[in-house]
Amino acid sequence: MSLPHLGSGSADLNSRLTPHNSTKVWSIGGGKGGVGKSLVTANVSICLALMGYKVIAIDLDLGGANLHTCLGIPIPERTLSDYLSKKVRDLKDLVTPTPIQNLSIISGAQDDVGIANLKQMQKAKILSKLSELDADFILLDLGAGTTFNTLDFFISADQGVLTALPEPTSIENTYRFIKSVYHRKLKMIEDLLELGPIIDQAMNAKISQNSTPADLVNRVIEINPEVGHKLKAEISRFVPKLIINQVRTQADIDIGFSMKIICRKYFGIDLDYVGYLEYDATVWQSVKKRKPLLMEFPNSGLVGNFDRIVHHLLNIT
Ligand SMILES: Nc1ncnc2c1ncn2[C@@H]1O[C@H](COP(=O)(O)OP(=O)(O)O)[C@@H](O)[C@H]1O
Ligand SMILES: [Mg+2]
């Protein structure tokens with residue numbers, strides 16, 4: 001097979017494109033199920049692996065784990081269930097190779113442990129152990145919902161990628177997810193900068209019904225310019241990436257640009273629209289065959305879409 005845009009892959013450790021102590025974590029989230037998070041995680045992982053990077057894809061959709069299927073492998077023998085139940089002590093021992101060179105998976109829990117049930121300690125432990133894994137890139141497939149655990153995995157990553165469909169329910173869910181992440185992040189900054197009383201003061205100030213989170217930051221700046229600007233700087237470091245999946249028309253593609261404008265206006269944050277994925281019947285064909293899309297249909301139009309997205313995520317344009 002040939003995937004010309006993706007460059008020639010090499011498993012040679014010396015030819016890795018980044019030193020391995022700079023492991024990057026990318027999380028793939030979004031408001032609801034069925035929007036393509038696992039598809040994106042699997043195929044972005046494959047693209048990176050084909051480029052010669054060492055990649056580990058981790059299924060954190062606890063309770064609905066199916067990333068292994070998108071990568072075309074059966075459920076690995078050891079999954080996060082074994083780690084959470086302490087049957088396996090070391091996260092490294094869950095790393096399972098896939099038939100794709102450079103690409104391994106840590107599979108999600110196969111019992112009914114939902115991510116909401118994950119204890120603070122367990123979450124912290126997983127996050128701290130990620131850096132010990134031998135990889136250039138670790139991709140986290142987050143699953144649906146806006147529980148604190150999901151939000152924290154999203155926030156803790158070096159890059160957070162949102163997947164949305166070009167339909168009103170999905171767009172609403174995506175804003176809801178961004179809003180939840182924003183509030184969670186604000187809370188963390190509040191604690192870090194000990195901003196609590198000032199935020200309360202800003203919140204209690206007479207505000208109009210249409211007041212936005214961006215207005216809140218501006219009120220903090222009015223109350224205390226130094227702290228306010230620090231807060232603004234912290235928030236501006238939050239730049240979620242956006243992928244619109246299953247596009248059929250130019251209007252669908254343009255939704256990403258509108259969402260970018262709305263996020264700037266409402267939240268005062270930059271949403272980085274990294275690209276779209278066409279609606280393509282080869283997706284369900286590959287799912288049905290339990291084969292990874294990019295490997296099974298290397299000539300699909302989606303290959304170009306993924307290529308563009310990955311280059312954007314890598315900041316190569
Ligand atoms: N670009 C696409 N074209 C066609 N079908 C798609 C596309 N993206 C996703 N799908 C379909 O949607 C289903 C859900 O995708 P999935 O990645 O499992 O979503 P999530 O992980 O967000 O729940 C897939 O099984 C596939 O059939
Ligand atoms: Mg999924």
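# Notebook: a strand, a helix and a ligand

I began with strand S5 and found both of its faces covered: Phe 137, Leu 139 and Asp 141 are buried on one side, and Ile 138 and Leu 140 are buried on the other. I note for myself that this is a predicted model. Since 5 of the 5 residues of S5 (residues 137-141) are buried, the strand is largely enclosed by the rest of the structure.

**Partners of S5.** Which strands pair with S5 in the parallel sense? I looked up S1 (residues 24-29), which runs parallel to S5 and is joined to it by 5 bridges. In that pairing, Ile 28 stands opposite Asp 141. I then turned to S2 (residues 55-59), which also pairs with S5 in the parallel sense, over 5 bridges. Here Ile 56 stands opposite Ile 138.

**Leu 140.** Leaving out residues up to four places away in sequence, I listed Val 25, Ser 27, Ile 28, Ile 58, Leu 60, Phe 153 and Ala 157.

**The cores.** Next I asked which residues touch the most other members of the largest nonpolar core. They are Val 55, Ala 57, Leu 139, Leu 140 and Ile 243, out of 79 residues in that core. Helix H1 (residues 37-50) gives the most to this core, with 9 residues. Another core lies apart from it, made of 6 residues, including Ile 199, Ala 202, Val 217 and Leu 231. I jotted down a general reminder: in soluble globular proteins, nonpolar side chains tend to be buried together.

**Helix H1.** Is H1 buried or exposed? I found 14 of its 14 residues buried, so the helix is largely enclosed by the rest of the structure. I also checked its length: at 1.5 Å a residue, the 14 residues of H1 should span 20 Å, and the end C-alpha atoms are 20 Å apart, which agrees. After H1 comes Gly 52, whose phi is positive, near 105°.

**Around ligand 1.** I counted 15 residues around ligand 1, and Gly 36, Lys 37, Ser 38, Leu 39 and Val 283 come nearest. H1 turns up again here: together with strand S7 (241-247) and helix H11 (282-289), it is one of the elements that give two or more residues to the shell. Sorted by class, the shell has 7 nonpolar, 6 polar and 2 charged residues.

I looked up Gln 246 in strand S7. Its phi is near 65°, a positive value in a residue other than glycine. Gln 246 has 21 C-beta neighbours inside 10 Å, so I marked it as buried. Lys 86 also has a phi near 65°, again positive in a residue other than glycine. I found Lys 86 in the loop between helix H3 (80-84) and strand S3 (96-97). With 7 C-beta neighbours inside 10 Å, Lys 86 counts as exposed.

**Val 303.** This residue lies in helix H13 (residues 301-313). Why does Val 303 count as buried? It has 20 C-beta neighbours inside 10 Å, and the cut-off for buried is 20 or more. I also noted that the C-alpha atoms of Val 303 and Asn 43 are separated by 9.0 Å, although the two are 260 residues apart along the chain.

**The whole chain.** I finished with the overall tallies. The protein chain has 13 helices and 8 strands, and buried residues make up 41% of its 317 residues. Of the contacts between residues at least 6 apart in sequence, 76% join residues at least 24 apart.

Conventions. Residues are numbered from 1 along each chain as its sequence is written. Chains are lettered from A and ligands numbered from 1 in the order in which they are written. This is a predicted model: local features need pLDDT of at least 70, side-chain atom pairs count only at pLDDT 80 or more; totals for chains, interfaces and linings use all residues. A nonpolar core is a set of buried Ala, Val, Leu, Ile, Met, Phe, Trp, Tyr and Cys residues joined through C-beta atoms within 7 Å. A residue is buried if 20 or more other C-beta atoms lie within 10 Å of its own, exposed if 12 or fewer, and partly exposed in between; C-beta atoms are placed from the backbone. Helices (H or I, at least four residues) and strands (E, at least two) are DSSP runs, numbered from the N terminus. Two residues are in contact if their C-beta atoms, placed from the backbone, lie within 7 Å. Two strands pair if DSSP finds at least two bridges between them. A residue is near a molecule or strand if its C-beta atom, placed from the backbone, lies within 6 Å of it. Ala, Val, Leu, Ile, Met, Phe, Trp, Tyr, Cys and Pro count as nonpolar, Asp, Glu, Lys and Arg as charged, and the others, Gly among them, as polar. The expected span of a helix is 1.5 Å times one less than its number of residues.
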